[in-house]
Amino acid sequence: GMAWDAQGNLYVADGQGDGIGNARVAKFDKDAHFIKSWGQRGSEPGQFNALRGIAIDAKGMVYVLDGGNKRIQVFDADGNPKAQIANGFVPAAICITPGAHQYIYVSNSNDAETLDNGEIYKMELDGRIVGKFGRAGRVPKEFNMVNAIDCRSENELFVAELGSWRVQKLTLKPGR
């Protein structure tokens, strides 16, 4: 996953593989020059096990999906741990809405062997769940291995799925 902050800096979640390769976030400036990286394999704050996505809120806080540890870690722009959001599911894709009141959309996606999970959660930036929709499956309004979510507004999402080789456009009813 990749995300950009308001200054044009690029953050890369580098470490999808379980147990192999990197387990870090890399930060580059707007001209693609390396600035720094943080993280290593593990389960403590600032450590990762299977990075799955990354997003940045309007205040510049960096939200990193740490799928192997079933949590979202929140960092400042320098990589200092600020919070952990652990709601008991494996986060697989994330987006943060624009606007004065931002929300997080995050998927609890199934893996390639099962259709056990597939819901998408709507959360406050502190991790409080305010809604959820969907389930695992292959027909419209169901999700199969969600790997990306784009939220241009609070009520319009594009959800990309590896398992069904598609993108679904969702229009949610306001207040949900």
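Ala50 sits in the loop between β4 and β5 of this predicted model. Its phi is near 75°, a positive value in a residue other than glycine. Most residues other than glycine have a negative phi. Ala50 is also buried, with a relative accessible area of 0%, where the limit for that term is under 20%. Ala32 belongs to the loop between β3 and β4, the latter spanning 34-38. Its relative accessible area of 57% makes Ala32 exposed, because that term applies over 50%.

Gly53 lies in β5. With a relative accessible area of 5%, Gly53 is buried. Leaving aside residues up to four places away in sequence, Gly53 touches Ala13, Tyr63, Val64, Leu65 and Ile94. Gly53 and Asp126, which are 73 residues apart in sequence, have their C-alpha atoms 17 Å apart in space.

Strand β5 pairs with strand β6, residues 62-66, through five bridges, and the two run antiparallel. Within this pair, Ile56 stands opposite Val62 of β6. The hairpin of β5 and β6 has five residues between the strands, and Gly60 in this hairpin takes a positive phi near 85°.

The pairing continues into an open sheet of four strands, ordered β5-β6-β7-β8 and paired antiparallel. At its edges stand β5 and β8 (81-85), each with a single partner strand, so one side of each is left without a neighbour in the sheet. On average, neighbouring strands of this sheet are turned by 20° against each other, direction ignored. Strand β7, residues 71-75, is joined to β8 by four bridges, again in an antiparallel arrangement. Phe75 stands opposite Pro81 in β8.

Strand β1 (residues 2-4) and strand β2 (residues 10-14) are antiparallel and share three bridges. Trp4 has Leu10 in β2 as its bridge partner. In the hairpin of β1 and β2, five residues lie between the strands, and Gly8 takes a positive phi near 90°. Strand β2 is joined in turn to strand β3, residues 24-28, by five bridges, and these strands run antiparallel. Here the bridge partner of Asp14 is Arg24 in β3.

Strand β4 can be examined through Lys36, which is found in it. Lys36 is partly exposed, with a relative accessible area of 28%. Apart from residues up to four places away in sequence, Lys36 touches Val25, Ala26, Lys27 and Asp78. Lys36 and Tyr11 are 25 residues apart in sequence, and their C-alpha atoms are 9.7 Å apart in space.

The account now turns to the packing of nonpolar residues. The largest nonpolar core has 14 residues, and those with the most contacts inside it are Tyr63, Ile72, Ile94, Ile104, Val106 and Met123. Two or more residues are given to this core by each of β6, β7, β9 (91-96), β10 (104-108) and β11 (120-123). Val106 touches Leu65, Ile72, Phe89, Pro91, Ala93, Ile94, Glu119, Ile120, Tyr121, Met123 and Ile149, not counting residues up to four places away in sequence. There is also a second, separate core of 13 residues, which includes Tyr11, Phe48, Ile54 and Val64.

Empty space inside the protein remains to be considered. Rolling a probe the size of a water molecule over the atoms shows where such space is left. The count comes to one cavity of 30 Å³ or more. The largest cavity has a volume of about 40 Å³. Its lining consists of Lys70, Arg71, Ile72, Ile85, Ala86, Asn87, Gly88, Phe89 and Pro91. Two of these lining residues, Ile72 and Phe89, are also among the residues that Val106 touches.

Methods: Residues are numbered from 1 along each chain as its sequence is written. This is a predicted model: local features need pLDDT of at least 70, side-chain atom pairs count only at pLDDT 80 or more; totals for chains, interfaces and linings use all residues. Side-chain values use heavy atoms; hydrogens and water are left out. Two strands pair if DSSP finds at least two bridges between them. Axes are lines fitted to C-alpha atoms, for helices over the stretch in contact, and angles run from 0 to 180 degrees between N-to-C directions. A nonpolar core is a set of buried Ala, Val, Leu, Ile, Met, Phe, Trp, Tyr and Cys residues joined through side-chain atoms within 4.5 Å. Buried means under 20% relative accessible area, exposed over 50%, partly exposed in between (1.4 Å probe, protein chains only). Contact means heavy atoms within 4.5 Å. On a 1 Å grid over the protein atoms alone, a cavity is a set of points where a 1.4 Å probe fits but cannot get out, and a pocket is an open set with protein on both sides within 12 Å along at least five of seven lines; lining residues have an atom within 4 Å of a point. Grid points are joined across faces, edges and corners, and a volume is the space filled by probe spheres set on the points.
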